[in-house]
Amino acid sequence: VVPRRGAKSRCGLAALATAAILALAVFLQAVAAPRISRLAASAPVLSYGTYLGGTLFDAITAMVVTSSGETYVAGWTESSDFPTLSPFQAASGGGVDAFVAKFNAAGALVYSTYLGGKGDDRAYGLAVDAAGNAYVTGWTGSTNFPVANALQPTLAGGRDAFVLKLNPAGSALVYSTYLGGSAHDSGNAIAVDAAGNAYITGDTASLNFLLASPYQSSNHGNQEAFVAKLNAEGTSLAYSTYLGGAADDRGNAIAVDASGNAYVAGGTTSIDFPTASALQGSNAGYQDAFLTKLNSAGSALLYSTYLGGSGGKVGQPEEARAVAVDASGNAYVAGTTSSTNFPVASPFQPAHHGGGNDAFVLKMNPAGSALLYSTYLGGSYGEEGRGIAVDTAGATYVTGYTRSSDFPTLNPYQTY
């Protein structure tokens with residue numbers, strides 16, 4: 001993925017189609033169109049690459065690649081001329097709108113649609129089921145955000161999370177609902193199981209966030225993470241719970257295993273973040289990453305642990321940004337750390353290389369009791385891990401961004 005020259009970018013791996021295909025997405029913060037690119041499996045060769053955008057700001061924030069090589073992307077756009085094809089919503093609702101687009105394996109656009117109302121609407125999480133339905137979460141400030149078969153049909157605060165399911169053709173909403181309380185709420189990540197249940201995590205400042213059979217029934221601080229499970233029809237919550245302590249907590253990523261256990265990763269500044277069978281039982285700095293495994297009913301923590309060192313401060317965060325899970329229940333996490341004493345195990349890179357932040361990559365065993373590996377990944381200037389995927393052989397694919405000319409490379413498609 002290559003942004004236009006001069007644009008500032010934040011890159012993230014969203015999904016792995018097979019061990020042979022790696023897809024990357026770009027979050028652009030400049031007046032430029034994001035690009036979508038696919039690298040071939042056998043060599044660092046670009047199979048295709050395309051811009052996607054209009055005349056104003058456009059950002060891809062999430063991507064999924066299917067086993068057949070189809071690529072789905074979601075994000076937000078300020079452009080009234082964003083490219084659409086066979087859309088559910090053909091025109092911008094006003095301000096900033098979310099969007100979803102689908103490309104076939106050759107890189108041709110299958111559909112592209114706006115999703116939004118007259119306010120500010122942004123998509124941050126995306127999942128796709130075996131039938132090709134797209135599941136999207138983010139946040140909206142629109143009172144007229146498109147809803148269908150909604151669990152919560154109206155905006156409850158200044159900004160609510162939203163969750164929606166778009167049919168395989170991109171032409172209709174199977175469901176679309178607000179999800180929030182009277183303050184600000186954001187859906188940051190979404191996963192889907194084989195039955196079509198959607199799992200959402202994000203953050204909420206609401207004291208009256210929509211709950212169901214919660215593990216934690218109240219907001220303990222300024223901002224809490226939340227975890228929710230929505231049935232396949234979008235008509236009911238199997239569970240919805242706060243997850244956090246007395247300070248600020250944010251769910252950034254979620255994955256689900258074959259048993260319906262949810263793996264949630266993010267960042268916390270709370271010294272009383274809920275832990276269970278913790279590898280690291282206390283916050284080692286101002287902000288630490290966390291990894292939590294919630295049972296299929298949402299009623300108990302199978303494990304929950306801090307992950308961090310003595311760093312993690314304003315401007316130099318320490319948080320998990322991505323999580324994946326394999327068939328054995330091992331969890332894979334990527335994020336960023338400013339700590340020189342971040343916990344490592346069998347590391348590829350045992351030490352922080354400076355520059356404020358390095359990316360980190362780790363693998364946690366199914367019980368949450370041991371790190372199978374944990375490593376820094378970075379150069380001398382600054383990095384952040386933004387996405388992670390794992391193939392059936394256990395190989396891990398990680399992406400993010402770097403400002404370092406000495407970032408570790410091997411057989412690169414592009415040098416610095």
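Tutor: Let us start with a pair of atoms in this predicted model: a polar atom of the T375 side chain and the backbone nitrogen of Q349 lie 2.7 Å apart.

Student: What makes this pair of T375 and Q349 a polar contact?

Tutor: The cut-off for a pair of N or O atoms is 3.5 Å, and the separation here is 2.7 Å, so the pair of T375 and Q349 counts as a polar contact. T375 itself belongs to strand β24, which covers residues 371-377, and beyond four places in sequence T375 is in contact with P347, F348, Q349, A359, F360 and V361.

Student: Why is T375 called buried?

Tutor: Its relative accessibility is 9%, and because buried means under 20%, T375 falls into that class.

Student: What makes β18 and β19 paired strands?

Tutor: Pairing requires at least two bridges, and strand β18 (residues 262-268) and strand β19 (residues 288-294) have seven, so they pair, in the antiparallel sense. T268, for instance, stands opposite D288 in β19. Both strands belong to an open sheet of four strands in the order β17-β18-β19-β20, with antiparallel pairing.

Student: Why are β17 and β20 called edge strands?

Tutor: β17 (249-256) and β20 (301-307) each pair on one side only, and they are the edge strands of that sheet. On average, and with direction ignored, neighbouring strands of the sheet are turned by 15 degrees against each other.

Student: Which residues have the most contacts inside the largest nonpolar core?

Tutor: That core has 21 residues, and those with the most contacts inside it are V100, L126, V136, F162, L164 and L166. At least two residues of this core come from each of several strands, among them β7 (97-103) and β10 (134-140). V136 touches, among residues beyond four places in sequence, V100, L126, F162 and L164. Another core, of 20 residues, lies apart from the largest one and includes A253, A255, V325 and V333.

Notes
Residues numbered from 1 in each chain as written. Predicted model: local features only at pLDDT ≥ 70, side-chain atom pairs only at ≥ 80, totals over all residues. Heavy atoms only, no water. Buried < 20%, exposed > 50% of the residue type's maximum accessible area, 1.4 Å probe, protein only. Polar contact = N/O pair within 3.5 Å; in protein donor to acceptor, adjacent residues only side chain to side chain. Contact = heavy atoms within 4.5 Å. Axes fitted to C-alpha atoms, helices over the stretch in contact; angles between N-to-C directions. Core = buried A, V, L, I, M, F, W, Y, C linked by side-chain atoms within 4.5 Å.
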